[in-house]
Amino acid sequence: MVKKGRVFSGARPTGRQHLGNYLGAIKNYVTLQDDYDCVYSIVDLHALTTLEDTAHLREWTYEMALDWLAAGMDPGRGTIVFVQSHVPQVTELHTILSMVTPLGKLTRLPTFKEKVREQPDNVNYGLVGYPVLMCADITLYKANAVPVGVDQASHLEFTREIVRTFNHHFGPVLVEPQAVYTETPRVLGIDGVNKMSKSLDNHIEIASSPEEIYERVRMMVTDPQRQRRGDPGRPEVCNVFSLHQVFTPQETVQQIDSDCRTAGIGCVDCKKMFAKNLADYFAPFRERRARLAENPDEVWEVLHRGAEKAGVIASQVIDEVKGAVGLP
Ligand code: AMP
Ligand code: TRP
């Protein structure tokens, strides 16, 4: 079948993936395989920008690869899954792109300002260049489409601008990519307020057992005005309800909506139902993951084969870029 183009996405090796990663990104990584050649990267170099993580890099890379493969990212269908640092051409492209990147553009990005607030004692050079490395990731594979959560929107817009600048100076070599979002591009954490993320410890891991899932769901913050069992609730402000809409059949969702408003159902019952549906949804995933985990060497082998295939594309594109720039 003729594919529509190429997809690229990357994610930092944060270990076991959470519901936000899954609903915001991984779901699209999997479905886009039907129509696109897909290249997916575990971006370990990006992870170095927040140094405290590096002790776990190997373990977290492996755990993440297990989640990705079990979720259905399938090298058997031509999909390339690899570790960023195994294809070093990306660092060359990063250097070249950095020469057409105005520094002010980088320091004005909201994501950079947020990192400065989070790690004021470690505002390293790599952190400033983070979006340039991301631009290099995407353009090294001439990707047309990039599935990401909406928190990456400013990075994608930045990539598009750099591509336009580069092509304006050196000719139409790089491809301007489109961001692709799911229906749930920003999943809230169990606190019901912040974006779900491992660093805030407000996440639910998709590889969790049904018991672990229930433990986390039990902690989810619901409508803060609903203090007693008899208080009517407001599903529109409840994160458990919004996630029911993803994992629970539509008729039941409607029933929960009306039962919550009339206090016919309490938060505990509602959460039990949600935890069960969530655990059921991921049951086949857990089985596939357990099978893959029986053979860790094979998982690393998949990543190494992926790097070989990615390297072939990367070498061609970096040669083209160097030629366009006029490097002798
Ligand atoms: P990260 O783990 O932050 O490197 O993110 C990996 C991918 O998951 C990126 O495409 C993110 O945009 C996406 N993602 C992370 N957290 C969330 C969330 N809470 N909601 C939606 N997407 C997310
Ligand atoms: N910045 C992304 C994140 O934090 C990870 C990433 C690196 C990425 N390179 C990429 C995402 C290329 C998409 C495309 O989640």
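Tyrosine 130 places a polar side-chain atom 2.8 Å from an oxygen atom of ligand 2. This is a predicted model. Two further side chains make polar contacts with ligand 2. Aspartate 137 has a polar side-chain atom 2.8 Å from a nitrogen atom of ligand 2. Glutamine 152 brings a side-chain N or O atom to 2.9 Å from a nitrogen atom of the ligand. The protein covers 92% of the 370 Å² of accessible area that ligand 2 has on its own.

Who else surrounds this ligand? The shell around ligand 2 counts 13 residues, and Gly10, Tyr130, Met134, Asp137 and Gln152 come nearest. Two elements, β1 (6-11) and α7 (125-139), each give two or more residues to that shell. Helix α7 gives the most, with four residues. By class, the shell around ligand 2 holds seven nonpolar, four polar and two charged residues.

Now turn to ligand 1. The shell here has 17 residues, and Arg12, Gly149, Asp151, Val187 and Met196 come nearest. Glycine 149 uses its backbone, with an N or O atom 2.8 Å from an oxygen atom of ligand 1. Helix α1 (residues 19-31) supplies the largest share of the shell around ligand 1, four residues.

Next, the core. The largest nonpolar core has 54 residues. Leu19, Trp68 and Leu278 have the most contacts inside it. Helix α3 (residues 57-71) gives the most to this core, with eight residues.

Is glutamate 63 buried or exposed? Glutamate 63 counts as buried because its relative accessibility is 16%, and the cut-off for buried is under 20%. Its side chain has a partner: a polar contact of 3.3 Å joins the side chains of glutamate 63 and arginine 16.

Threonine 182 is another buried residue, at 13% relative accessibility. Threonine 182 lies in the loop between β5 and α9. Its side chain makes two contacts with backbone atoms. A polar atom of the threonine 182 side chain lies 2.7 Å from the backbone oxygen of leucine 23. The side chain of threonine 182 also reaches the backbone nitrogen of threonine 184, at 3.1 Å.

The loop between β5 (178-180) and α9 (210-218) holds aspartate 201 as well. The backbone angle is the point here. Most residues other than glycine have a negative phi. Aspartate 201 has a positive phi of about 50 degrees although it is not a glycine. How does aspartate 201 count by accessibility, and at what value? Aspartate 201 counts as partly exposed because its relative accessibility is 47%, and exposed needs over 50%.

Lysine 142 has a positive phi too, near 50 degrees, and is a residue other than glycine. Lysine 142 sits in the loop between α7 and β4 (145-147). With a relative accessible area of 22%, lysine 142 is partly exposed. Helix α7, at one end of that loop, is the element that gives the most to the shell around ligand 2.

The last stop is glycine 76. Glycine 76 is found in the loop between α3 and β3 (80-83). Glycine 76 is exposed, with a relative accessible area of 71%. Which distance separates the C-alpha atoms of glycine 76 and valine 302? The separation is 10.0 Å, although glycine 76 and valine 302 are 226 residues apart along the chain.

Conventions: Residues numbered from 1 in each chain as written. Chains lettered and ligands numbered in written order. Predicted model: local features only at pLDDT ≥ 70, side-chain atom pairs only at ≥ 80, totals over all residues. Heavy atoms only, no water. Near = heavy atom within 4 Å. Polar contact = N/O pair within 3.5 Å; in protein donor to acceptor, adjacent residues only side chain to side chain. Areas by Shrake-Rupley, 256 points an atom, 1.4 Å probe, with all protein chains shown as cover. Nonpolar A, V, L, I, M, F, W, Y, C, P; charged D, E, K, R; others polar. Buried < 20%, exposed > 50% of the residue type's maximum accessible area, 1.4 Å probe, protein only. Core = buried A, V, L, I, M, F, W, Y, C linked by side-chain atoms within 4.5 Å.
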